[in-house]
Amino acid sequence: RTNPSGLPLPPGPRGLPLIGNVFDIDPVRPWLTYNVWAERYGDIVYSSILGQQFIVISSVKIARALFEQRSSIYSDRMNSTLYKLFGANFITGFLGYTDEWRLHQKLFHSTLHPKATEKYEDMYMEGARELVVGLLDGFMGATGELEGHLTMFSAALIMTITYGYKVTSRDDPIVNRVQRLADIFLTEMSSERAMLFTVFPSLLHLPSWFPGMAFKGKIATTRKLAAEVKDVPFKFVKEQMAAGTHTRSMVSDLLQSYEDAIDGELEHAIKDTAATVYLAGAETTSATVLTFILAMILYPEVQERARAEIDAVVGKDALPGFEHRSSLPYIEAILRETMRWYPAVPLGMPHATSTSDSYGGYYIPKGAVVMLNVWGMSRPSLDPDAAHFDPDRHLLSNGQLSTDVNSAPVFGLGRRACPGRFFAEGSMWAAIVTMLSTLRFSPEVDANGKYAEVKSEFKPGAAIRPEPFKCCITSISTERERDIRASRQSF
Ligand code: HEM
C-alpha cells in the first residue's frame with residue numbers, strides 16, 4: 001500500500017534534521033524513553049534516527065492487529081550490512097522474511113513446538129537438579145557467583161538439548177567459544193551501529209584507523225569464530241551418530257527425520273538454527289531465573305506460599321516433576337510474573353515492514369523498523385502497582401490461571417515470535433519449582449545480625465538482568481536434597 005490519501009505519520013517527537021531523535025533516547029535504557037513517549041503521544045509513535053524511520057507500539061491490541069493479523073507486512077527485519085560483515089547473518093533472528101528464514105522456522109517448529117518439547121522434560125529436570133546441587137555445594141554468597149551458576153545451568157541445558165553434548169565444567173571449550181562470540185556480537189553490533197551502517201553503508205569503506213571504525217579490526221577473527229561455533233558441535237553430533245553413541249538431541253532428531261532429503265542447503269540450515277539456540281536462549285534464560293531469585297528475596301511471602309502449594313500438591317518430602325505442573329497454578333503464576341516484572345527483552349526484537357501500510361488513520365512507511373514496547377505494556381507508567389511483584393495478577397478468584405490475552409508479549413508476536421518459548425518456559429519452570437522445593441533464598445545477614453539491603457536494580461545487555469546482589473541459600477528439606485543427589489546418578 002502507498003499513501004494515496006496523504007495520511008499523516010503517527011505522532012511523535014520532532015527530531016533534528018538528519019540525525020532525527022538520536023539524542024532524545026536514553027542510550028542505556030531506551031524503553032524508559034519510549035514509556036515517556038507513550039504517555040505523551042499515545043500507543044503508536046513515529047520517530048527517526050539517522051534517517052531510519054521507526055514506529056514504537058505500546059499497546060497489546062495494536063501489536064496484535066499489526067504483527068498477527070497483518071503478519072505478511074510486519075515480519076521482516078532490519079537488513080544491516082554489519083551483520084553480514086561480522087558473519088552474524090546466519091542467526092535466525094537477523095534473517096529477513098525470506099525462504100531461508102522459512103526453512104529455519106520449519107526446523108525450529110519440528111523440534112521445539114509444545115508437544116515436541118515434552119520429550120526434553122527429563123533433561124530440564126536433570127539441569128534443574130544439577131543447578132540445585134551446584135548452589136548447595138558451591139555457592140558462597142559472593143556477589144556475581146550466582147550468575148556463574150545460572151550461566152552454567154542454561155549453557156549446559158542448551159548444549160544437551162541442541163547437540164546431546166555434556167558440559168561438565170565452566171571452562172568447556174565449546175561453551176567458551178560460543179560465549180565469546182555472543183559477547184563480541186553484543187558489543188560490536190549494537191542496534192545504533194547496525195542502523196547507522198544500514199542507512200549509510202558506504203561508511204563501512206572507511207579504514208579501521210578512522211575514528212569510530214576500530215571495530216573493523218575484529219571482523220576477520222569474529223567470522224572465523226562464528227564458523228567454528230557452527231561447525232564444531234555439529235561435527236560432534238555427526239561423529240557420535242556414525243559411531244552409534246549419540247544421545248538424542250535437536251540436531252540428531254533433525255538429521256534423522258530429514259535423512260533422505262539432506263542436501264547442502266538443509267545441512268547449512270540445521271547448523272545455523274542449532275547455533276542460534278545458544279545465542280538466543282542462553283542469556284535470556286539465565287537472566288530470567290536470576291530475576292526470579294531476586295524476586296524471592298524481596299518477596300519472602302511469595303516464596304512461602306509457593307512452597308506451601310508444592311507441599312500440598314506433591315507431598316511434604318517428595319520431589320516435584322512435570323506431572324505436577326498443571327496442578328501448581330501459583331508456581332506458573334510466579335514464572336509469568338517474573339517475565340512481566342522485568343521482561344528480559346524489554347523491546348523485543350525490532351520487526352520491519354516489507355510494504356507500506358496504514359493503521360488507525362496513520363501512514364506506516366515501507367522499510368520502517370517497528371518495535372514492541374514490551375516494557376511499557378508490562379509496566380504501564382500510569383499503573384502505580386506495576387512495579388510490585390504479585391503473582392496473583394495471573395490468577396482468577398478460584399485460584400486457577402487466567403488466560404489473559406492482553407498480557408505483555410514477552411516472547412514477541414506473530415510469525416517472528418520466539419520459537420524457543422516452550423523450551424524456555426519448560427526449563428525455567430523446572431528450575432523454579434525444584435529450587436522452591438529444596439532451597440530458601442534470603443538476604444545476607446551482616447555482622448550485627450541484620451539483613452543486608454537488596455535493591456531491585458537491573459543492568460542492560462543482551463537480556464536485562466539484576467545487578468549482582470548477595471544472598472543466602474539454605475536447604476529446607478533433607479529428604480528432597482537426598483533424593484535430588486541420588487537421582488543425579490540415574491540421569
Ligand atoms: C526467557 C527466555 C526467552 C525470552 C524472554 C525470549 C524472547 C524472545 C523475543 C522477545 C524474541 C523476538 C520475537 C519477535 O521478533 O517478535 C525472540 C526471538 C527468538 N528467540 Fe527467544 N526468548 C527466550 C528464549 C529462547 C530460547 C531458549 C530459544 C531457543 C530456541 C530462543 C530462540 C529464539 C529465536 C530463534 C528467535 C528469532 C525468531 C525469528 O526471528 O523468527 N529464544 N525471543
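This is a predicted model: local features need pLDDT of at least 70, side-chain atom pairs count only at pLDDT 80 or more; totals for chains, interfaces and linings use all residues.

Reader: Which residue of β6 is the bridge partner of alanine 352?

Author: Strand β3 is joined to β6 by two bridges, and the two strands run antiparallel. For alanine 352, the bridge partner in β6 is valine 369.

Reader: Do β2 and β6 pair in the parallel or the antiparallel sense?

Author: In general, the strands of a sheet pair through backbone hydrogen bonds, in either sense. Isoleucine 57 has leucine 372 in β6 as its bridge partner. Over four bridges, the sense in which β2 (residues 52-57) and β6 pair is parallel.

Reader: Which strands lie at the edges of the open sheet?

Author: The open sheet consists of four strands with mixed pairing, in the order β1-β2-β6-β3. An edge strand pairs on one side only, and this applies to β1 (44-49) and β3 (351-352).

Reader: Are the residues on the two faces of β6 buried or exposed?

Author: A residue counts as buried when its relative accessible area is under 20%. On one side of β6 are Val369 and Met371, and on the other are Val370 and Leu372. Both faces are covered, and these four residues are all buried.

Reader: Why does leucine 347 count as buried?

Author: Leucine 347 lies in the loop between α15 (329-341) and β3. Leaving aside residues up to four places away in sequence, leucine 347 touches several others, including Pro30, Trp31 and Leu372. The cut-off for burial is under 20%. Leucine 347 counts as buried because its relative accessible area is 11%.

Reader: How far is the C-alpha atom of leucine 347 from that of isoleucine 432?

Author: Along the chain, leucine 347 and isoleucine 432 are 85 residues apart.

Reader: Which residue has a side chain joined by a polar contact to that of serine 487?

Author: Serine 487 belongs to helix α18 (residues 478-490). This serine 487 is buried, at a relative accessible area of 15%. At 3.1 Å, its side chain makes a polar contact with the side chain of arginine 129.

Reader: What is the radius of gyration of the protein chain?

Author: The protein chain comprises 18 helices and 10 strands. For 491 residues the globule rule gives 23 Å, and the chain comes close to this, so it is as compact as a globular protein of that length. Its radius of gyration is 23 Å.

Reader: What percentage of the residues of the protein chain count as buried?

Author: Along the principal axes, the C-alpha atoms fill a box of roughly 70 × 60 × 45 Å. The accessible surface comes to about 21900 Å², with 54% belonging to carbon and sulfur atoms. Of the 491 residues, the buried share is 52%.

Terms used. Residues are numbered from 1 along each chain as its sequence is written. Side-chain values use heavy atoms; hydrogens and water are left out. Buried means under 20% relative accessible area, exposed over 50%, partly exposed in between (1.4 Å probe, protein chains only). A polar contact is a pair of N or O atoms within 3.5 Å; within protein, one must be able to donate a hydrogen and the other to accept it, and residues adjacent in sequence count only if both atoms are side-chain atoms. Two strands pair if DSSP finds at least two bridges between them. The radius of gyration is taken over C-alpha atoms; the globule rule is 2.2 Å times the number of residues to the power 0.38. Accessible areas come from the Shrake-Rupley method with a 1.4 Å probe; for residues, only the protein chains shown count as cover. Contact means heavy atoms within 4.5 Å.
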